[in-house]
Amino acid sequence: MTKTELARGFITRFPDAENRTIARVMFKEKPKVFASLDSARCLIRTLRGAHGGQVAADKTAMKPLGWQKNVIPKTQATEREDFLISGKNRVLVLSDIHVPYHDTKALQTAIAHGKKQNPTVILLNGDVGDFYGASAHDKDPRRSLSAELDSIRQFLFYLRAQFPKARILYKIGNHETRMERYLTKNAPVVLGVPDF
């Protein structure tokens, strides 16, 4: 069996695997056939048409790329309750506020505009809070998560005072999920406890 035939067999066994992954398996199982991991990877790349400007001689060896399909990808999100915006609803949408790192002037302008429209619904469309203190990124320890949470509460209280009759919908954004990820990683015992 030639190296090419052997490599095609591994591509057939692992059609969705990355080139490097196939090369690692191939090199591990057949160390005497390939001089190095890199030579195994080069052969896989050549057969799949991913080595320089070369075109794969055998189109069946090419890795099927899921993102090339002309369909919307399957979601991993949990379903949300639908909210119908009918002709009687006036909606104020606020998103990416990032309290306490918000732009006060921009936020005041948006709220003032909203008050003129007298919205029946306010959609907080994610990232109302920044949750810097719960971020996985390097942090300045002088910034307080407690103070940040107080600022978010203060903003929500202020928003309710400005729009006492509006229904407020709060959509969780990726910054809000920082808190849940932080608790999952550092304090899983408090997950699901309403106080948290």
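**View 1. Helix H4 passes helix H5 in a right-handed crossing.** In such a crossing the near helix is turned clockwise from the far one by less than a right angle. This is a predicted model, in which local features need pLDDT of at least 70, side-chain atom pairs count only at pLDDT 80 or more, and totals for chains, interfaces and linings use all residues. Residues are numbered from 1 along each chain as its sequence is written, and side-chain values use heavy atoms, with hydrogens and water left out. H4 spans residues 104-117 and H5 residues 145-162; their axes lie 11 Å apart at an angle of about 25°. The two helices are therefore roughly parallel (angles under 35 degrees).

**View 2. Residues of H4 meet residues of H5.** Leu107, Ile111 and Lys115 come from H4, and Phe155, Tyr158, Leu159 and Gln162 from H5. Contact means heavy atoms within 4.5 Å. By class, five of the residues are nonpolar, one is polar and one is charged.

**View 3. Helix H6 (residues 177-186) has buried residues Arg178, Met179 and Leu183.** Buried means under 20% relative accessible area, exposed over 50%, and partly exposed in between (1.4 Å probe, protein chains only). The three cover an arc of only 135° around the axis, which puts them on the same side of H6. The buried residues of H6 pack against H5, while Glu180 and Lys185, on the other side of H6, are exposed.

**View 4. Ala147 lies in H5.** Ala147 is partly exposed, with a relative accessible area of 39%. Its C-alpha atom is separated by 9.7 Å from that of Gly133, 14 residues apart along the chain.

Technical notes
Axes are lines fitted to C-alpha atoms, for helices over the stretch in contact, and angles run from 0 to 180 degrees between N-to-C directions. Helices (H or I, at least four residues) and strands (E, at least two) are DSSP runs, numbered from the N terminus. Angles under 35 degrees count as roughly parallel, over 145 as roughly antiparallel, 65 to 115 as roughly perpendicular and the rest as oblique. Ala, Val, Leu, Ile, Met, Phe, Trp, Tyr, Cys and Pro count as nonpolar, Asp, Glu, Lys and Arg as charged, and the others, Gly among them, as polar. The arc is that of the directions from the helix axis to the C-beta atoms.
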